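Dear colleague,

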Amino acid sequence: MTLQSRKMKKGPVSGFIGQHRVLKDAAARVGEYNRMLKTLQAALPPEVARACVGAAWADGALILGVTSAAAATRIRYAAPELRDVLARAGWEATAILPRVQAALREQKPIRAKDLKMNGAACDAFEALADTVKDENLAKAILALVDHQRPPR
């Protein structure tokens, strides 16, 4: 076997996946889950649809990963109709089980002007400025402290 024949062919990732049965099967399964999720999202109110972020099968039941307990409750109530939607699209589910995924919850970003240092943090930064050898960096730290120090 030559060195040239041992090198992998260069090409798109889809070509690589297509050459390996396990990866090809996994890619097909992910595509199927995504189509199923989009079918369900189309049948749900927009605010509930946005909360549905994942799907998987377990013993004939469809497990839906959702980002809120409110969405999970609405899906539980709508489960019979959603099973009908899935059946019309060619999927048979014995149950639809929403599961709140805390790690998937959307976090509201903290606005920059909401970030404030308390007095102890300001004191710590002032002490840091006293130990910094770079004069410009020390000035920048003190300017930050002046901007952030709560009124006394």
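Predicted model: local features only at pLDDT ≥ 70, side-chain atom pairs only at ≥ 80, totals over all residues.

**Salt bridges**

The structure contains 5 salt bridges. Glutamate 126 takes part in one of them, with arginine 149, and the closest N and O atoms of the pair are 3.0 Å apart. Since glutamate 126 belongs to helix H6 and arginine 149 to the segment after H7, this pair ties together parts that are 23 residues apart in sequence. Arginine 149 also forms a salt bridge with aspartate 123, where the closest N and O atoms are 3.2 Å apart. Here aspartate 123 lies in helix H6 (residues 119-131) and arginine 149 in the segment after helix H7 (135-148), so parts 26 residues apart in sequence are tied together. Aspartate 123 is partly exposed, its relative accessible area being 42%.

Another salt bridge joins glutamate 32 to arginine 35, with 2.6 Å between the closest N and O atoms. Both residues lie in helix H3, 3 residues apart, which is about one turn of the helix. An α-helix has 3.6 residues a turn, so residues three or four places apart point the same way. Glutamate 32 is partly exposed at 29% relative accessible area, and arginine 35 is partly exposed at 45%.

**Overall architecture**

The protein chain has 7 helices and 3 strands, arranged along the sequence as α-α-α-α-β-β-α-β-α-α. Of its 152 residues, 24% count as buried. The chain exposes about 11,200 Å², of which carbon and sulfur atoms supply 57%. Among contacts with a separation of 6 or more, 51% come from residues 24 or more positions apart.

**The sheet**

The 3 strands form an open sheet in the order S1-S2-S3, with mixed pairing. S1 and strand S3 (95-100) are the edge strands, each pairing on one side only. Neighbouring strands are turned by 25 degrees against each other on average, direction ignored. Strand S1 (residues 52-58) and strand S2 (residues 61-66) are antiparallel and share 6 bridges, whereas S2 and S3 run parallel and are joined by 6 bridges. Leucine 62 in S2 is the bridge partner of tryptophan 57, and leucine 62 also has isoleucine 96 in S3 as a bridge partner.

S1 and S2 form a hairpin with 2 residues between them. Aspartate 59, in the loop between these strands, has a positive phi of about 55 degrees although it is not a glycine. Most residues other than glycine have a negative phi. Aspartate 59 is exposed, with a relative accessible area of 82%.

**Helices on the sheet**

Helix H3 (residues 21-43) lies across S1 and S2 and runs at about 120 degrees to S1. Helix H5 (residues 69-88) packs on the sheet and touches S1, S2 and S3, its direction making about 160 degrees with that of S3. In H3, the buried residues include Gly31, Tyr33, Met36, Leu37 and Leu40; the buried residues of this helix pack against S1, S2 and H5. At 1.5 Å a residue, the 23 residues of H3 should span 33 Å, and the end C-alpha atoms are 33 Å apart, which agrees.

With kind regards

Note on methods: Residues numbered from 1 in each chain as written. Heavy atoms only, no water. Pairing = 2+ DSSP bridges. Helix = DSSP H or I, 4+ residues; strand = E, 2+ residues; numbered from the N terminus. Axes fitted to C-alpha atoms, helices over the stretch in contact; angles between N-to-C directions. Contact = heavy atoms within 4.5 Å. Buried < 20%, exposed > 50% of the residue type's maximum accessible area, 1.4 Å probe, protein only. Areas by Shrake-Rupley, 256 points an atom, 1.4 Å probe, with all protein chains shown as cover. Expected span 1.5 Å × (residues − 1). Salt bridge = Lys/Arg side-chain N within 4 Å of Asp/Glu carboxyl O.
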